[in-house]
Amino acid sequence: LQGDLNIEDGTILENNKANDPTRKSTDFYGGAICSDFNDSHKKVINMTGGIIRDNRSYFGGGICLSSNTTLNMSGGEISNNQAYSGMTYNGTPYVSGGGIAAYRGSTINLSGDALITENSSEEIGGGISLGTIVPMPTGNILNMTGGTISGNKAGASGGGIFIQCGLSTGNSVANISEGKIINNAMTGEGYGNKHFGGGGIYVNGKAEILRGKQGVLNLTNALITNNTATEEGGGYASCPTSNTGINVKNGV
C-alpha cells in the first residue's frame with residue numbers, strides 16, 4: 001500500500017499468509033494489508049465496515065502499519081488473525097500484533113463500532129501491538145475514543161494492547177478516552193518474559209541507564225474488565241524495571 005485505502009461494508013479480506021517459516025528472513029509484514037515502508041509517503045487506511053479475518057504474519061497478523069501510516073477505524077471487524085513465530089530477535093520469536101502491528105511512526109484511531117476480536121500473538125500484542133517486539137527510534141500512537149478490543153490473546157505480554165517503549169528519541173503512546181477492553185488474556189505460552197503479564201494492556205519501559213523512552217498510557221474513561229493473565233496484571237501491567245506513565249480519570 002503506497003496511497004490511501006478505503007475498506008467498507010461488503011469487503012472481506014481473509015485466509016492470507018505473509019510469512020514462510022522455511023525462509024531465513026524476518027521481512028514478513030501484514031497478513032492481509034501492509035503499507036509501504038517509505039517514510040516520505042503518508043498513507044491512510046479508512047475502515048468503516050468490512051471484515052479482515054483468518055490472516056497470518058510475523059508482524060501484524062491482520063494489518064501492519066509501517067512508516068507514517070494512519071488507520072482510521074470507525075467500523076468493521078478485525079478478527080481471528082494470528083502473529084506467529086518463524087525467526088527470533090535476541091532469542092525471542094519475532095512476533096508482534098495479532099490483529100494490528102503499528103511500526104515506525106504510525107497512528108491508529110479507533111472509534112464508533114470498530115471491533116478487534118479473537119486475534120492472537122504468540123508473543124506480544126494479541127489485539128494491537130503499538131510498536132513491535134523491536135524498540136524503534138520513532139514511536140506510534142493509539143487514540144481510542146470508542147470501539148471494542150475483546151477476546152484477544154498474547155503469549156507473553158499485552159493480550160489486548162501492547163505499548164512499546166522507544167530508543168532515545170521516541171516511544172509509543174496510547175490515549176484511551178472511551179471504549180471497551182474486555183475478555184483478553186495473556187496466556188503465558190510465549191517465549192518472552194511471562195512475569196510482565198498484562199491481560200488487557202501492557203506498557204513497556206526501558207531502563208533509565210539505557211536512556212530509553214518509556215511507553216505511556218493515558219487512560220481517562222474506558223471499560224476494562226474480565227481480562228486475565230497467568231501471573232501479573234490481569235487488567236493492566238507495566239515493566240517493573242523502569243518508569244512508565246499512566247494517568248487515570250474516570251476509568252473503570
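**A cavity, a buried serine and a parallel sheet**

Searching the whole structure turns up one cavity of 30 Å³ or more. A cavity here is a set of points, on a 1 Å grid over the protein atoms alone, where a 1.4 Å probe fits but cannot get out. This is a predicted model, in which local features need pLDDT of at least 70 and side-chain atom pairs pLDDT 80 or more, while totals for chains, interfaces and linings use all residues. Residues are numbered from 1 along each chain, and side-chain values use heavy atoms, without hydrogens and water.

The largest cavity has a volume of about 70 Å³, the space filled by probe spheres set on the points. Its lining (residues with an atom within 4 Å of a point) comprises 14 residues, and G131, T132, M136, T138 and N140 lie nearest the centre. Five of the lining residues are nonpolar, eight polar and one charged, with Gly counted as polar.

N140 also leads us to S172: the backbone nitrogen of N140 lies 3.1 Å from a polar atom of the S172 side chain. You will find S172 in the loop between strand 20 (161-163) and strand 21 (173-182); strands are DSSP runs (E) of at least two residues. S172 counts as buried because its relative accessibility is 1%, the limit being under 20% with a 1.4 Å probe. Its contacts (heavy atoms within 4.5 Å) beyond four places in sequence include L130, G131 and N140.

Elsewhere, six strands form an open parallel sheet in the order 6-10-16-19-22-26, where pairing requires at least two DSSP bridges. Strand 6 (56-57) and strand 26 (228-229) each have a single partner strand, so one side of each lacks a neighbour in the sheet. Strand 16 and strand 19 pair over two bridges, and S120 has K153 as its bridge partner in strand 19.

Methods: Helices (H or I, at least four residues) and strands (E, at least two) are DSSP runs, numbered from the N terminus. Buried means under 20% relative accessible area, exposed over 50%, partly exposed in between (1.4 Å probe, protein chains only). A polar contact is a pair of N or O atoms within 3.5 Å; within protein, one must be able to donate a hydrogen and the other to accept it, and residues adjacent in sequence count only if both atoms are side-chain atoms. On a 1 Å grid over the protein atoms alone, a cavity is a set of points where a 1.4 Å probe fits but cannot get out, and a pocket is an open set with protein on both sides within 12 Å along at least five of seven lines; lining residues have an atom within 4 Å of a point.
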